[in-house]
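Please look through the fold below with its pocket, its aromatic rings and its strands in mind. The paragraphs that follow take these topics in turn.

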Amino acid sequence: MKVTVIIEQNSKGRYSAYISDDRIKFGVLGEGKTVEETIEDFKIGYEDIRETYLSEGKKFTELEFDFKYDIASFLSVYSNVLSLAGMSRLTGLNQGLLSHYVTGRKKPTHKTVSKIRNSVHEFGKSLCQIDFV
């Protein structure tokens, strides 16, 4: 079963990951200083629950994860590939504002999240069309 895992940055600049699906009868939480560390902690927690269920003879549904990020987490993960200056050019948003999103000083509106998502998706589509000779 495929489930959505939300990755968010908290007000202290740390990250958390959790399953966002009411069909799942157990909870898994991952935390860390980086998104990568958080995902790893989440996967360890999932494996611990899986092993506990199986050792107790309980039915366990294997899960496949679809990670979804808040803006701060996305910018943090992809900052080694997409600079804030590049994201500013891509989205049309002020670089300083994007910086506030990364640090958690400001939260983007739903409209701004849509603008960023649509810009990134269009950029991804254009990259998929590239071919080399």
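The largest pocket of this predicted model has a volume of about 390 Å³, where a pocket is, on a 1 Å grid over the protein atoms alone, an open set of points where a 1.4 Å probe fits, with protein on both sides within 12 Å along at least five of seven lines. Grid points are joined across faces, edges and corners, and the volume is the space filled by probe spheres set on the points. Lining residues, defined as those with an atom within 4 Å of a point, are I6, E8, K68, Y69, D70, I71, F74, V113, I116, R117, V120 and H121. Two or more of these residues come from each of β1 (2-9), β4 (64-69), α2 (71-78) and α5 (110-128), the helices (H or I, at least four residues) and strands (E, at least two) being DSSP runs numbered from the N terminus. The largest share, five residues, is given by α5. By class, the lining holds seven nonpolar, one polar and four charged residues; Ala, Val, Leu, Ile, Met, Phe, Trp, Tyr, Cys and Pro count as nonpolar, Asp, Glu, Lys and Arg as charged, and the others, Gly among them, as polar.

Residues are numbered from 1 along each chain as its sequence is written, and side-chain values use heavy atoms, with hydrogens and water left out. Because the model is predicted, local features need pLDDT of at least 70 and side-chain atom pairs count only at pLDDT 80 or more, whereas totals for chains, interfaces and linings use all residues.

Helix α2, which contributes to the pocket lining, is mostly covered, with six of its eight residues buried (under 20% relative accessible area, against over 50% for exposed and in between for partly exposed, with a 1.4 Å probe and protein chains only). The buried residues of α2 are I71, A72, S73, F74, L75 and V77. F74 counts as buried because its relative accessibility is 15%, while Y78, with a relative accessible area of 36%, is partly exposed. F74 and Y78 are four residues apart in α2 and are therefore separated by about one helical turn.

The structure holds nine aromatic pairs, that is, rings of Phe, Tyr and Trp (its six-membered ring) with centres within 6.5 Å. Planes under 30 degrees apart count as stacked, over 60 as edge-to-face and the rest as tilted. The rings of F65 and F67 have centres 6.0 Å apart and planes at 50°, so this pair is tilted. F74 and Y78 also form a tilted pair, at 5.0 Å centre to centre and 40° between the planes. F26, F42, Y46, Y53, F60, F65 and F67 form one aromatic cluster. Over the face of Y53 lies K58, at 5.3 Å from the ring centre, the criterion being NZ of Lys or CZ of Arg within 6 Å of the ring centre and within 35 degrees of the ring normal.

Turning to the strands, β1 and β2 run antiparallel and are joined by five bridges, where pairing requires that DSSP finds at least two bridges between two strands. They form a hairpin with five residues between them, and G13 in the turn has a positive phi of about 85°. Strand β2 (residues 15-19) has four of its five residues buried, and β2 also pairs with strand β3 (residues 29-32) in the antiparallel sense, over four bridges. Y15 in β2 stands opposite Q9, and the bridge partner of Y15 in β3 is G32.
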